[in-house]
Amino acid sequence: MDLDVFVTAHRAEWDRLDALLGRQRRLTGAEADELVALYQRTATHLSLIQSSAPDPQLTGRLSQLVARARSAVTGTRRASWRDVTRFLAHGFPAAVYRSRHWWVPTALLSTLIAALLGWWIGTHPEIQATIAAPSELRELTRPGGQYETYYSSHPAASFAAQVWTNNAWAAALCLILGIFLGLPVLWILFQNMLNLGVGFGLMSSAGRLDTFLGLVLPHGLLELTAVFVATGTGLRLGWTLIDPGPRTRRAALAEEGRAAISMAIGLALVLFVSGAIEGFVTPSGLPTWARITIGVAAELAFLAYVYVLGGRAARAGETGDVEAAERSAAVPTAA
């Protein structure tokens, strides 16, 4: 495309759009219709220039012009409780459901790795010796030792808040760092599985695996599921860089990135629930079976939420992205 010829042919339209946007008085009906038509045409021109003959100065000018026109056409929109309801009932569960082909295999493989690490550590005293001195290991695993008192070492409310903050930050990192081809996400996940495997191995070698599971399962089922969802979504975002599918790489990253951000908000709510369980249920005096039952119920409720509500929303076309009116204009690249 000859950029000079293109600019000469369409400059008058851009100037006219700029003039209409600069009007201080209310536009007439005919002028409003003209503004909408010019906005659509200018958005098309911008798309053409970006794809065929990118010019930073011209692209910047038209981007600003299109943004102003879009604001004038769509108006200012404020978030409402309707948006919150839509997000919780449709957007978030649909986004988790759509990424199930990433996070479910991640969960299964990670759990297997943690179990193998736990078995390896639990059956090899020489490996345990590299973790800590024998006296320190006994202090960790004995009845009333550090593994047990960890969950009651602070007031329940402050402990739950601390756990929630740490876990929400870890989940957000998995989602954000996915853009780096998913490699940092794999490292974060391995660190989590290693910590789980160490606890599993040390407590099993001390003959106290039932106690360990009784402490971990009530909150760990939901907490680890949230971590797996964040990890799978981060890996999916990284894969989008490699294979964006039928979309342009830019459009694919924008769509998946917005869905990942919304998922970070949703997972923070899920981790709030698991943090509350860890702070108030795990160290409570309830029987082990009752604490595990609460954890299993929370996990099943989340899976039903994802597969029932999320599956229905996804089949209806929900992606977890923002509403169409809130997205950047996507227009055909035609002259």
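I began with the UniProt record, an unreviewed entry, which places the feature "transmembrane region" at residues 102–121, 168–189, 221–239, 259–277 and 289–308; UniProt positions are in the numbering used here, feature names are shortened, and annotations may be inferred rather than shown by experiment. I noted that this is a predicted model, in which local features need pLDDT of at least 70 and side-chain atom pairs count only at pLDDT 80 or more, while totals for chains, interfaces and linings use all residues. Residues are numbered from 1 along each chain as its sequence is written, and side-chain values use heavy atoms, with hydrogens and water left out.

I then looked up two of the annotated spans. Residues 289–308 are 100% helix and 0% strand, with end C-alpha atoms 27 Å apart, whereas residues 168–189 are 73% helix and 0% strand, with end C-alpha atoms 14 Å apart. Helices (H or I, at least four residues) and strands (E, at least two) are DSSP runs, numbered from the N terminus.

For the domains, I found the protein chain divided into domain 1 (3–74) and domain 2 (82–326), with bounds from an automatic or database domain assignment. Their C-alpha centres lie 46 Å apart.

Next I examined a helix pair. The axes of α11 (residues 209–242) and α12 (residues 249–281) come within 9 Å and cross at roughly 170 degrees, the axes being lines fitted to C-alpha atoms over the stretch in contact, with angles from 0 to 180 degrees between N-to-C directions. The two helices are therefore roughly antiparallel to each other, a term for angles over 145 degrees. I recorded 17 nonpolar, five polar and five charged residues in the contact of α11 with α12; Ala, Val, Leu, Ile, Met, Phe, Trp, Tyr, Cys and Pro count as nonpolar, Asp, Glu, Lys and Arg as charged, and the others, Gly among them, as polar.

Within α12 I checked S274, which is buried at 0% relative accessibility (buried means under 20% relative accessible area, exposed over 50%, partly exposed in between, with a 1.4 Å probe and protein chains only). Leaving aside neighbours within four places in sequence, S274 is in contact (heavy atoms within 4.5 Å) with H219, L222 and E223.

Last, I turned to helix α5 (residues 100–122), which holds T106. T106 is buried, at 11% relative accessible area, and, with the neighbours within four places in sequence set aside, it contacts L189, F228, T231, G232 and L235. W120 also lies in α5 but is partly exposed, at 38%; W120 and G201, 81 residues apart in sequence, are 7.2 Å apart in space, C-alpha to C-alpha.

Methods: Parallel < 35°, antiparallel > 145°, perpendicular 65-115°, else oblique.
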